[in-house]
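Subject: Structure handover

Hi there,

Here is the structure I promised to pass on, with notes on what turned up in it. Please have it open while you read.

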Amino acid sequence: MKRLLLLLTVMYGFLQAQNPQPYQLPPKEILDLVDINPRPLIRIDSRNQTMVMLERRAFKTLEEMAAGEVRLGGLRINPLTNGPSRANYTYGISILNIASGETSTVKGLPDQLKISDFSFSPDETKIAFTNTLPAGIELWTVDLVSGQANRVTDANLNASIGMPYLWTPDSESLLVFMIPSSRETLTTGLQLPEGPAIQESTGRRAPVRTYQDLLRSPADEKAFNHYAESGIFRVSLNGTAAPFLPTAIYRSLSFSPDGNYLMVQTIQRPYSYIVPYYRFPVTYAIHKADGSLYRIFHQRPLVEELPTGFDAVETGKRNIQWRSDLPATLCWVEAMDKGDPEVNVPVRDQVYTLDAPFTGEPFILAATPNRFRYVTWGNSETALITDGWWKTRRSTTFLVNPGSGKSSMKVIFDRSTEDYYGDPGDFLQKRNHLNAYSLWFSPDNKKLYLQGEGYSPEGNKPFLDEFDLKTLKTKRLWQADGISTYESVVRVVSPGKKMMITSIESKTENPNFYLRSGKSLRRLTAFPNPYASFMNVSKESVRYKRADGVDLSATLYLPAGYDKARDGRLPMLMWAYPREYKDAGQAGQVKESPHTFVQLYYGSPVYWAARGYAILDDADFPVIGEGETEPNDSFTDQLVANAAAAIDFAVERGVADRNRVAIGGHSYGAFMTANLMAHSDLFAAGIARSGAYNRTLTPFGFQAEERTFWEAQDVYLKMSPFVHADKINEPLLLIHGDADNNPGTFTLQSERLFGAIKGLGGTARLVLLPYESHGYSARENVLHMLWETDTWLEKYVKNRGVKE
């Protein structure tokens with residue numbers, strides 16, 4: 001009889017597991033807040049005359065997410081549209097004249113719009129965008145003067161690899177990636193392979209991170225060709241199309257600033273089964289403006305084999321680009337250390353330039369002691385080059401005279417990338433006489449300008465600085481007061497006149513755009529507050545210390561009308577994301593303003609303030625490894641110390657019940673959550689979304705970890721919650737997209753951790769959201785995810801210990 005009861009119990013459990021859960025809606029308090037469309041996406045032309053507002057929606061539909069998808073070489077392609085399978089679209093356009101403040105609608109648009117790939121024409125009198133239909137992608141333009149829209153192609157664009165068009169320099173036509181008319185239908189259905197899929201190791205090291213959606217067979221290679229190949233056509237504004245470049249797999253096109261040359265990147269064989277398409281061989285060819293081939297500049301081989309470390313790079317030419325302040329000059333970088341961070345050399349990289357006709361000897365512009373990061377062009381006497389080194393978190397910016405080259409290099413900034421308070425900002429650029437972006441000089445060419453966030457212990461106070469090229473010193477021209485609002489610089493119009501387009505917000509005011517001229521403000525937009533019912537929830541930036549003295553911060557939300565004396569201690573939800581540091585002093589720096597508007601989004605924990613919880617959001621979880629010690633050497637110990645400090649603060653503040661605290665996070669925050677559940681008893685429950693839990697499945701590094709599993713086995717194993725699943729003795733909710741494409745966070749990670757907890761007798765729930773990738777998009781899935789979270793918190797946190 002007992003055996004029969006046991007069998008029936010097992011069968012009942014199995015039937016329960018197979019019974020699909022219908023979609024559920026979260027409580028009204030949450031539903032009313034989450035089901036709101038965000039404010040428009042803003043695009044401003046470089047002349048600061050036109051603001052284009054693109055309407056957004058909060059969610060996709062499940063039907064959109066269920067559309068067909070092929071996964072090839074790191075790409076996810078909709079086979080019907082030949083574009084990305086999960087693109088983010090906007091759905092309407094309006095145009096604001098910044099000078100007059102008048103808004104106009106666009107005429108001639110189709111009823112159904114799915115807008116992407118937006119760009120201004122070079123002369124900024126027009127815009128272009130793609131519109132995705134059920135069976136293809138078409139190209140549209142809009143005349144910004146008349147407001148008239150015009151469809152210029154059929155639905156035959158190929159957007160499988162990226163931007164499917166490029167404006168020509170005269171703004172009168174576009175180069176468009178089109179599906180070849182000769183393309184044959186790809187055979188579907190059962191196909192017997194011609195043989196096994198084979199890979200071979202030749203004894204040379206080729207460590208690579210864990211990528212998803214890679215090619216796996218000759219059939220995949222054939223399919224990759226099918227979807228990635230395009231023909232390039234020149235299309236006029238009236239829709240006339242003429243062949244321009246033959247069928248190939250085009251990675252990108254870029255005109256020289258003078259418009260006389262076109263750099264064409266095409267992907268070549270052999271393909272790889274261990275790295276994505278962007279590491280396949282590439283031919284860099286220079287064509288004339290009419291499309292005729294001028295010369296092959298560089299043929300980059302397959303990049304499978306790289307040394308270990310974040311500062312490892314390929315050998316040979318890389319970062320090939322046009323110099324933006326000259327008519328037709330190429331610039332590139334080459335490693336002097338064979339791309340290997342372990343090789344000790346005085347010069348890591350050399351930066352070269354070569355003028356048209358690209359046949360002479362390259363000029364050595366700079367020799368950087370660390371890895372080249374980027375160059376900002378100015379004029380014949382001024383350029384800025386920044387290098388960096390991951391292991392030390394150092395970044396150095398050099399002032400270079402392009403005519404004198406490496407002998408002229410002067411250090412202007414040398415700083416830790418972790419030092420937010422010491423961030424000097426970014427140098428402003430503007431369109432030059434070649435219609436390309438270069439450094440913004442003062443009228444006398446003696447000064448540059450810097451724009452930055454102005455990080456400080458009191459919160460962000462964005463600024464505009466003047467930089468003297470002779471003294472290398474800065475002078476502050478303007479800074480936001482940061483007393484009750486957060487004002488960020490969207491666009492500098494005139495540094496000398498302190499004229500800017502800014503965005504101003506507060507705790508209760510939705511961000512809106514303003515034209516600032518000195519102390520004068522003129523409002524440009526009037527987006528209403530979409531969360532009026534939520535504004536009585538209190539928001540406070542708080543500071544506290546870890547037991548070892550490290551400063552920490554978070555944002556504390558308390559329910560509307562909460563009274564500590566009357567309402568007592570609350571259940572609390574803590575949400576966090578760990579970050580690695582090499583300097584303890586810099587780990588505790590404040591990185592946001594206390595006056596920002598409450599921006600709710602699908603994954604926000606703040607909704608639960610409306611459900612009676614205290615919320616400790618964006619809690620600092622630094623993981624520090626100074627000197628020769630790496631942060632991950634004590635990862636779990638520091639996680640526990642961070643969590644304990646946060647809970648102690650909330651308990652001592654009198655707002656949180658120590659026995660009713662939940663921890664949650666997404667991605668690396670989910671990894672953190674599972675580790676805290678395994679290595680502490682601080683939490684009543686956990687919510688882990690789209691995480692990785694077994695580090696042996698990411699053996700060649702993850703997040704900020706450079707070492708391989710074989711170099712740091714103990715670290716990998718101790719950091720893997722899967723290995724310690726027997727210690728997870730509080731309820732853990734695991735949520736994951738069923739089609740996660742993020743490196744390392746395979747859906748299998750959550751499935752295996754759930755299987756371990758279940759097999760060991762723990763309490764867990766696994767929720768796989770159909771069609772979702774690393775982030776979640778479908779309305780049905782998002783609302784159900786919020787319901788699952790609310791149900792979990794109500795059962796295991798708010799009502800912990802309450803008998804049903």
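A search of the whole structure turns up 1 cavity of 30 Å³ or more. A cavity here is a set of points on a 1 Å grid over the protein atoms alone where a 1.4 Å probe fits but cannot get out, and lining residues have an atom within 4 Å of a point. Grid points are joined across faces, edges and corners, and a volume is the space filled by probe spheres set on the points.

Before the rest, two notes on the source. This is a predicted model, in which local features need pLDDT of at least 70 and side-chain atom pairs count only at pLDDT 80 or more, while totals for chains, interfaces and linings use all residues. Residues are numbered from 1 along each chain as its sequence is written, and side-chain values use heavy atoms, with hydrogens and water left out.

The largest cavity holds about 50 Å³ of space. Its lining is made by Leu573, Trp575, Tyr602, Gly603, Ser604, Pro605, Trp608, Arg689, Met785, Leu786 and Thr789. Two or more of the lining residues come from each of strand S40 (570-576) and helix H11 (779-798); helices (H or I, at least four residues) and strands (E, at least two) are DSSP runs, numbered from the N terminus. H11 gives the most, with 3 residues. By type, the lining has 7 nonpolar, 3 polar and 1 charged residues (Ala, Val, Leu, Ile, Met, Phe, Trp, Tyr, Cys and Pro count as nonpolar, Asp, Glu, Lys and Arg as charged, and the others, Gly among them, as polar).

Arg660 is in strand S44 (residues 656-666). Arg660 has a relative accessible area of 17%, so it counts as buried (under 20% relative accessible area, with exposed over 50% and partly exposed in between, using a 1.4 Å probe and protein chains only). Its side chain reaches the backbone oxygen of Lys798 at 2.8 Å, and a polar atom of the Arg660 side chain lies 3.4 Å from the backbone oxygen of Arg569. A polar contact is a pair of N or O atoms within 3.5 Å; within protein, one must be able to donate a hydrogen and the other to accept it, and residues adjacent in sequence count only if both atoms are side-chain atoms.

Arg76, found in strand S4, is buried too, at 12% relative accessibility. The Arg76 side chain reaches the backbone oxygen of Ala739 at 2.4 Å. Leaving aside residues up to four places away in sequence, Arg76 touches residues including Asp213, Asp740 and Ser773 (contact means heavy atoms within 4.5 Å).

Strand S6 (residues 93-97) has 4 of its 5 residues buried, so it is largely enclosed by the rest of the structure. Strand S2 (residues 50-54) runs antiparallel to S6, joined by 5 bridges, and Val52 stands opposite Ile95. S6 also pairs with strand S7 (residues 103-105) in the antiparallel sense, over 3 bridges; two strands pair if DSSP finds at least two bridges between them. Ile95 faces Ser104 in S7. In the S6 and S7 hairpin, with 5 residues between the strands, Gly101 takes a positive phi near 80°.

Strand S13 (residues 173-178) is mostly covered, with 6 of its 6 residues buried. Ser173, Leu175 and Phe177 point one way, while Leu174, Val176 and Met178 point the other way. S13 pairs antiparallel with strand S12 (residues 165-167) over 3 bridges, where Trp167 has Leu174 as its bridge partner. S13 also pairs antiparallel with S14 over 6 bridges, and there Phe177 stands opposite Ile232.

**Helix H4**

In helix H4 (residues 218-228), 8 of the 11 residues are buried, so the helix is largely enclosed by the rest of the structure. The buried residues of H4 pack against strand S3 (70-72), strand S4 (75-78), strand S14 (230-236) and strand S15 (241-248).

**An open sheet**

Last, there is an open sheet of 4 strands in the order S28-S31-S32-S33, with antiparallel pairing. Its edge strands, S28 (426-427) and S33 (474-479), each pair on one side only. S31 (residues 447-452) and S32 (residues 463-468) pair over 6 bridges, with Gly452 partnered by Phe463.

Key: 1 Å grid on protein atoms, 1.4 Å probe; cavity = no way out; pocket = protein on both sides within 12 Å on 5 of 7 lines; lining within 4 Å.
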